[in-house]
Amino acid sequence: MQRQAIALSRQISDVNAIRALMMGALALAFVLVQTLMANARPESLAPLAEQISPSVVNITTSTVVEGRTGPQGIVPEGSPFEDFFREFQDRNGQGDRPRRSSALGSGFVISEDGFIVTNNHVIEGADEILIEFFNGDELQAELIGTDPNTDIALLKVEADGPLPHVPFGNSDEARVGDWVVAMGNPLGQGFSVSAGIVSARNRALSGTYDDYIQTDAAINRGNSGGPLFNMDGEVIGVNTAILSPNGGSIGIGFSMASNVVTRVVDQLQEFGETRRGWLGVRIQDVTDDIAEAIGLEEVAGALVTSVPDGPAKDAGMQDGDVILSFAGVDVADTRGLVRQVGNSPVGETVRVVVFRDGDTVTLRVTLGRREEAEGAVPAAAPAPDTPDEPETKDVLGLTLSSLTDELREQLGVAQDQQGLAVVSVDETTEAYEKGLRAGDVITEAGQQKVTTISDFETRLGEVKEAGRKSLLLLVRRAGDPRFVALSLGE
């Protein structure tokens, strides 16, 4: 018994020793993790600021504007004080003579031979562009090209020697929470550094090609066109806009992602302009009810609302197709498709997979150039013959009428427009909730063209017979098409 007690005591002692050893190891690991976390954030950004500052520039633009012709609202027109204020303006050089206006912004050098990136709105309309470098040198800049769609401009200066410059980084690798540094000329105060984190990714403001990095690094007026750096000293964004109720920084700034900027800059360097791919379709996002109405299993892709003359039409694309894949990449929504097409080379032939009538169809499309297409004006087709007296029908909360020449004139639609006019909409129905209004023109129902009430009733019957819960309508308003799915009810 004594030997068993001694053995048991030794076992307990060994267990306690192992437990103490494990606790010590855990404590050491905790200390190591804390140390690594502390080292992940630099104690000072001074070394990085010293490294990147010489490549950042202040930009001053000068523009001649017409002089004012009167008090401009200082006093009411015809007031006895009007002549007094006009004389005051003349004495201060603010009369009818042209005057020179200046603006401030930021930019950064991307090559030793003097190419400089900034925002288009910084230099737009400028007669002269003056670049001030970190060492105090000043040089006149030449405008190489601009892209208003992404608000990017490329400038060029001629220097006596190689200029300090910075590389672009991969903005797709930036994570929410990563440290970033913004540099520029805020409020005309000169070279200024602010730090923060990436607050959000893939923000869209208003443009077709928007891909903004949101940051809380302080960005103010004058920072426009300046760089947003990662901790490796690479430019991952161009500071472009702020969200603010008072015009000052409240910690919500936006930088155009470098992976968008680099494509634009490459084209501006080579051509002096952008050359984006063009598919030639009008599209909208696929919603739950639209997917159900056409039998699409996943709510994804881009729904084609119109196919004018162009590359897609030449390849056989049709209204109502859903683009599922472009050049081997799945299409999530319209925004992704527009960016992917725009980034594709003009003249390239790509495979486009579409969903049509319950099956997939692969098309080969040779892309055109978007800039040329946007400047084209389509020719008007001759007006078709239509009956004089319209037929009307109340269905799904809509009062529909066949189009006549008189109705086309009243609605302001083209004389060759075919379809059914929406005469009125019951405000208590789903049709009204989904935005249908009097004056809209329905050109398709159930992905088939409709020109008469009987066409519409036929499409409605076919959809019900197929067991669908909703009817897909192609609606045009002021020429712009969109799809709307209306529930059929019980």
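Residues are numbered from 1 along each chain as its sequence is written, and side-chain values use heavy atoms, with hydrogens and water left out. Because the model is predicted, local features need pLDDT of at least 70 and side-chain atom pairs count only at pLDDT 80 or more, while totals for chains, interfaces and linings use all residues.

**Helix 5**

Helices (H or I, at least four residues) and strands (E, at least two) are DSSP runs, numbered from the N terminus. Helix 5 has 14 residues. From its first C-alpha to its last, helix 5 reaches 20 Å, close to the 20 Å expected at 1.5 Å a residue. The expected span is 1.5 Å times one less than the number of residues.

Burial is judged by relative accessible area: buried is under 20%, exposed is over 50%, and partly exposed is in between (1.4 Å probe, protein chains only). The buried residues of helix 5 are Ser258, Asn259, Val260, Val261, Thr262, Val264, Val265, Gln267 and Leu268. What covers these residues? The cover includes strand 3 (115-119), strand 6, strand 7, strand 12 (235-242), strand 13 (253-257) and helix 8 (334-342). Contact here means heavy atoms within 4.5 Å.

Just after helix 5, Gly272 takes a positive phi of about 80°. Arg275 lies over the face of Phe271, at 3.9 Å from the ring centre. A charge sits over a ring if NZ of Lys or CZ of Arg is within 6 Å of the ring centre and within 35 degrees of the ring normal. Lys156 gives another case: its charged end sits over the ring of Phe115, 5.4 Å from the centre.

**Salt bridges**

Side chains of opposite charge can pair when their charged atoms come close. A salt bridge here is a side-chain nitrogen of Lys or Arg within 4 Å of a carboxyl oxygen of Asp or Glu. The whole structure holds 15 salt bridges. The table gives some of them.

| Salt bridge | N to O distance |
|---|---|
| Arg276 and Asp147 | 2.5 Å |
| Asp321 and Arg356 | 2.7 Å |
| Arg369 and Glu371 | 3.2 Å |

Arg276 and Asp147 meet in a salt bridge at 2.5 Å. That pair links distant parts of the chain, 129 residues apart. Arg276 is in the loop between helix 5 (258-271) and strand 14 (277-278), and Asp147 is in strand 6 (residues 142-147). Arg276 is buried, at 6% relative accessible area. Asp147 is buried too, at 1%.

The salt bridge of Asp321 and Arg356 has an N to O distance of 2.7 Å. It also links distant parts, 35 residues apart. Asp321 is in the loop between helix 7 (311-314) and strand 17 (322-326), and Arg356 is in strand 19 (residues 349-356). Both residues are buried.

Arg369 and Glu371 meet at 3.2 Å. Is Arg369 buried or exposed? Arg369 is buried, with a relative accessible area of 15%. Glu371 counts as partly exposed at 24%. Salt bridges that share partners join Glu273, Arg275, Arg369, Glu371 and Glu372 into one network.

**Aromatic pairs**

A pair of aromatic rings is described by the distance of the centres and the angle of the planes. Rings of Phe, Tyr and Trp (its six-membered ring) pair if their centres lie within 6.5 Å; planes under 30 degrees apart count as stacked, over 60 as edge-to-face and the rest as tilted. The search finds 3 aromatic pairs in the whole structure.

Phe108 and Phe168 form an edge-to-face pair, 5.8 Å centre to centre, with 75° between the planes. Phe108 lies in strand 2 (residues 99-109) and Phe168 in the loop between strand 7 (152-156) and strand 8 (179-184), so the pair ties together parts 60 residues apart in sequence. Phe108 is buried at 0% relative accessibility. Phe168 is partly exposed at 23%.

Phe134 and Phe191 also pair edge-to-face, at 5.2 Å centre to centre and 85° between the planes. Phe134 lies in the loop between strand 4 (128-132) and strand 5 (138-140), and Phe191 in the loop between strand 8 and strand 9 (192-203), so this pair ties together parts 57 residues apart in sequence. Phe134 is partly exposed, at 44%. Phe191 is partly exposed, at 24%.

**Strand 27**

Strand 27 (residues 470-477) is mostly covered, with 7 of its 8 residues buried. Two strands pair if DSSP finds at least two bridges between them. Strand 25 (residues 441-445) runs antiparallel to strand 27, joined by 4 bridges. Val441 has Arg476 of strand 27 as its bridge partner. Strand 28 (residues 480-487) pairs with strand 27 in the antiparallel sense over 8 bridges. There, Arg477 stands opposite Asp480 of strand 28.
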